Amino acid sequence: MEKKIAQIIDNFAEAAKNATDSASVEKLRVAFLGKKGEISELMKDLKSAPSEQKKAFGQKINQLKKDVEARLVELTATIEQKELEALINSTESYDVTMPSRVETGSYHPITLIQREVEDIFAAMGFTIEDYDEIVDDYHCFEALNIPKHHPARDMQDTYYLDNGQLLKTHTSAAQNAIMRKYGAPLRAIFPGRCFRNEAIDACHENTFFQMEGIMIDKDISISNLIYFMKTMLSEVFQRDVQVRLRPGFFPFVEPGFELDISCQVCGGTGCPSCKNSGWLELCPCGMIHPNVLTAGGIDPEEYTGFAFGLGLTRLAMMKYGVKDIRTFNSGNLKALSQFESL
Ligand code: PHE
């Protein structure tokens, strides 16, 4: 046992000479103190030592362990110091004042406006619903009081799949499912991507975003609709926004309207953006047609409600002053990454 201890001391001293970097010090630690290291093996031998010698040997081994540990700490400190000096003296140098080029990414302007509007409606008690982009004819048209061959379908030509389904032309396509899901009373908004067969120009895209909203309860009237729209728009634009209603036709509302807002560019006095009228068309809306309520399983004798189809893409154009709608789907990061982050 004595011999073995002396041998280990020699071995360690020899090995330590070659430990010139942090990695080799770690190897040394494993070789001597690790589970299968020389000192751990010695501990196993201790079990078979004659019992009168056990105590003395035990103490020696413990001392050896402590010495090795202390030596390893010393070695590490010297090596770290050397490594640091080498780094300082090396020709490689770092300029800590150089600006870093970490790209953080940014939200798409439609996402920004969508979340903003969602927060405003959520605060007014509306639930936020998600709905499919691929729908069937019933949900997109028939449940909305647009029978086959109705001329209103002409405005909403879209992309049809081989199985007869289609890419939804408006977020109204979710109305029926949401009425059936919750019944009345109900307040919900449902943003979504819509698709139409459009001739594309600065104001028209084949892919755009809307945010639909419905509120159904007893005694809901047009004044409720005006109140919610005005509150939401004033929040989005951070100032008092004027709205006006003009008659508009949509088979799923009666009466139906086009809601205009005072032009945010000129403040209503007239400019090229609003074609000198002082108003911008933003949001078709109206009182939900009794046939649509019935299709959604809600009794139109008991409940009334309003619906609106806010043009999210158009709202983003107004809020951020984007002049060409094609910017949104362009993937042009220079244009799309300049808006505030959330
Ligand atoms: N879904 C209609 C469209 O996209 C807009 C609308 C929604 C009209 C809700 C009235 C009520 O053209």
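I number residues from 1 along each chain as its sequence is written. In this predicted model, local features need pLDDT of at least 70, side-chain atom pairs count only at pLDDT 80 or more, totals for chains, interfaces and linings use all residues, and side-chain values use heavy atoms, with hydrogens and water left out.

**Domains.** I looked up the domain bounds, which come from an automatic or database domain assignment. Domain 1 covers 2–88 and domain 2 covers 109–336. I then checked their C-alpha centres, which lie 76 Å apart.

Strands are DSSP runs of E, at least two residues, and helices are runs of H or I, at least four, numbered from the N terminus.

**Polar contacts.** I searched for N or O pairs within 3.5 Å. The side chain of H170 has an N or O atom 2.9 Å from a ligand nitrogen. For S172, the side-chain distance to a ligand nitrogen is 2.8 Å. R196 places a polar side-chain atom 2.9 Å from a ligand oxygen. On its own the ligand has 330 Å² of accessible area, and the protein covers 95% of that. I took areas from the Shrake-Rupley method with a 1.4 Å probe.

**Backbone.** I went through the peptide bonds and phi angles next. Most residues other than glycine have a negative phi, and most peptide bonds are trans. The A184 to P185 bond is cis, with omega near -5 degrees. P185 is in the loop between α7 (175–182) and β4 (186–195). E254 and P255 are also joined by a cis bond, with omega about 0 degrees. P255 lies in strand β7 (residues 253–262). D219 is not a glycine, yet its phi is positive, about 60 degrees. I placed D219 in the loop between β5 and α8 (222–237).

Note on methods:
Polar contact = N/O pair within 3.5 Å; in protein donor to acceptor, adjacent residues only side chain to side chain.
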